[in-house]
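Please study the sequence and the three-dimensional structure shown below. The report that accompanies them is arranged by topic.

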Amino acid sequence: MRANFIFSEVWIGLRRNLTMTIAVIITVAVGMAMLGVGLMINSQVGLMKGFWNDKVEVSVFLCKKGTAMPACNGKAITPAQTKALEAHIKGTQGVKQVFFENETTAYENFKQSFSSNKALVDATKVEDLPQSFRIALKDPDNYESVIQAVTGQPGVAQVMDQKQLIAPFFNMLDKLAIAALTVAIILVLAAALLIGNTVRLSAFNRRRETGIMRLVGASNLYIQLPFVMEGVIAGLVGGVFAAVILIVAKVFLFDQIVAFFGGATALLGWNDVAQTITITMIIGVVICILASFVTLRRYLRV
């Protein structure tokens with residue numbers, strides 16, 4: 001009997017405040033979706049950083065005859081200088097492994113990297129690409145000491161750290177994640193206020209029923225429960241819509257980012273998406289419950 005009464009009160013409240021309930025659902029859905037996207041961006045950035053950190057190398061480009069690099073003076077590196085440089089690199093602290101890449105290997109890697117730009121590949125010849133040493137580091141964050149040890153050595157045209165190339169992209173993603181989380185927090189606060197207004201309006205419309213319930217000795221929790229359940233239902237429905245948005249974002253945003261890199265980076269898994277959806281739905285429901293209780297304590301004197 002009590003359960004039937006509570007559910008009937010919930011239905012009455014939802015029906016009376018239909019437009020407000022829809023507004024709550026939309027606000028919760030957008031807020032939780034933005035929060036979820038921010039969390040997913042953080043996860044994707046972490047995966048990409050972990051993936052690339054293991055593959056970040058220092059590239060030491062060697063002098064070619066006629067090169068315009070000031071350090072070369074137009075001269076090519078000699079075989080003796082190449083061997084001496086390789087020994088020097090291997091003896092440098094922080095170096096994990098050293099790979100030598102000749103012109104032919106460099107050209108094959110170039111064709112693979114720029115396979116989509118046929119005109120550029122056709123215009124490039126094997127002799128246009130320099131020989132180089134690829135240095136794998138023990139600690140990818142400790143690359144400066146290795147660069148300093150190699151820079152200025154005889155036959156070295158240029159030293160480049162791959163991490164410097166991808167750092168701006170990661171910084172942009174970090175800023176995007178912070179912006180998404182900031183907007184999400186604002187929308188979550190807006191959802192909490194909207195839920196509170198909905199509960200207050202519902203409580204005012206049913207003040208006669210709640211007054212009778214107080215007179216017959218109903219407990220505070222029993223009176224508050226229908227209003228809280230209205231908020232929970234709105235939160236759950238909004239969470240479902242947010243989950244759909246996050247699934248769409250995973251397929252059409254995050255998967256496309258990985259495709260942009262040709263699949264050569266870590267892909268955000270469905271387990272991460274499911275975890276994000278669970279977190280956002282829990283947060284959405286908790287916010288609805290807290291907003292309902294706080295509003296009722298202030299506006300519904302029980």
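The sections below treat the basis of the model, a central strand, selected residues, salt bridges and cavities.

## Basis of the description

This is a predicted model, in which local features need pLDDT of at least 70 and side-chain atom pairs count only at pLDDT 80 or more, while totals for chains, interfaces and linings use all residues. Residues are numbered from 1 along each chain as its sequence is written, and side-chain values use heavy atoms, with hydrogens and water left out.

Helices (H or I, at least four residues) and strands (E, at least two) are DSSP runs, numbered from the N terminus. A residue is called buried under 20% relative accessible area, exposed over 50%, and partly exposed in between (1.4 Å probe, protein chains only).

Strand S3 covers residues 132-137, and six of its six residues are buried, so the strand is largely enclosed by the rest of the structure. The burial applies to both faces: one side carries Ser132, Arg134 and Ala136, and the other carries Phe133, Ile135 and Leu137.

Two strands pair if DSSP finds at least two bridges between them. Strand S1 (residues 57-62) is joined to S3 by five bridges in the antiparallel sense, and Glu57 has Ala136 of S3 as its bridge partner. Strand S2 (residues 95-101) also runs antiparallel to S3, with six bridges between them. Here Val95 stands opposite Leu137.

## Buried residues in a helix and a loop

Which residues does Thr27 touch, apart from those up to four places away in sequence? Its contacts (heavy atoms within 4.5 Å) are Leu187, Ala190, Ala191 and Leu194. Thr27 belongs to helix H2 (residues 18-53) and is buried, with a relative accessible area of 17%.

Gly155 is placed in the loop between helix H6 (144-150) and strand S4 (156-161). With a relative accessibility of 12%, Gly155 is also a buried residue. Neighbours within four places in sequence aside, Gly155 is in contact with Phe61, Leu62, Cys63, Ile77 and Gln81. Gly155 and Pro79 are 76 residues apart along the chain, and their C-alpha atoms are separated by 9.8 Å.

## An exposed loop residue

Asn73 is part of the loop between S1 and H3. This residue is exposed, with a relative accessible area of 64%. Although Asn73 is not a glycine, its phi is positive, at about 55 degrees.

## Salt bridges

Side chains of opposite charge can pair when their charged atoms come close. A salt bridge is defined here as a side-chain nitrogen of Lys or Arg within 4 Å of a carboxyl oxygen of Asp or Glu. By this rule there are five salt bridges. One of them links Glu103 with Lys64, whose closest N and O atoms are 2.7 Å apart. Glu103 lies in helix H4 (residues 103-113) and Lys64 in the loop between S1 and helix H3 (79-90), so this pair ties together parts that are 39 residues apart in sequence. Glu103 is partly exposed, at 26% relative accessible area.

Two further salt bridges each lie within a helix. Lys90 and Glu86 form one, with 3.3 Å between the closest N and O atoms; both residues are in helix H3, four residues apart, which is about one turn of the helix. Lys90 is exposed, with a relative accessible area of 52%, whereas Glu86 is partly exposed at 25%. In helix H4, Lys111 and Glu108 are three residues apart, again about one turn of the helix, and their side chains meet in a salt bridge of 3.6 Å, N to O. Both residues are partly exposed: Lys111 has a relative accessibility of 30% and Glu108 a relative accessible area of 43%.

## Cavities

On a 1 Å grid over the protein atoms alone, a cavity is a set of points where a 1.4 Å probe fits but cannot get out, and its lining residues have an atom within 4 Å of a point.

How many residues line the largest cavity? The lining consists of 10 residues, of which Thr198, Val199, Glu230, Gly231 and Ala234 lie nearest the centre. At least two lining residues come from each of H2, helix H7 (162-205) and helix H9 (220-260). H9 gives the most, with four residues. The lining comprises six nonpolar, three polar and one charged residue, where Ala, Val, Leu, Ile, Met, Phe, Trp, Tyr, Cys and Pro count as nonpolar, Asp, Glu, Lys and Arg as charged, and the others, Gly among them, as polar.

Technical notes:
1 Å grid on protein atoms, 1.4 Å probe; cavity = no way out; pocket = protein on both sides within 12 Å on 5 of 7 lines; lining within 4 Å.
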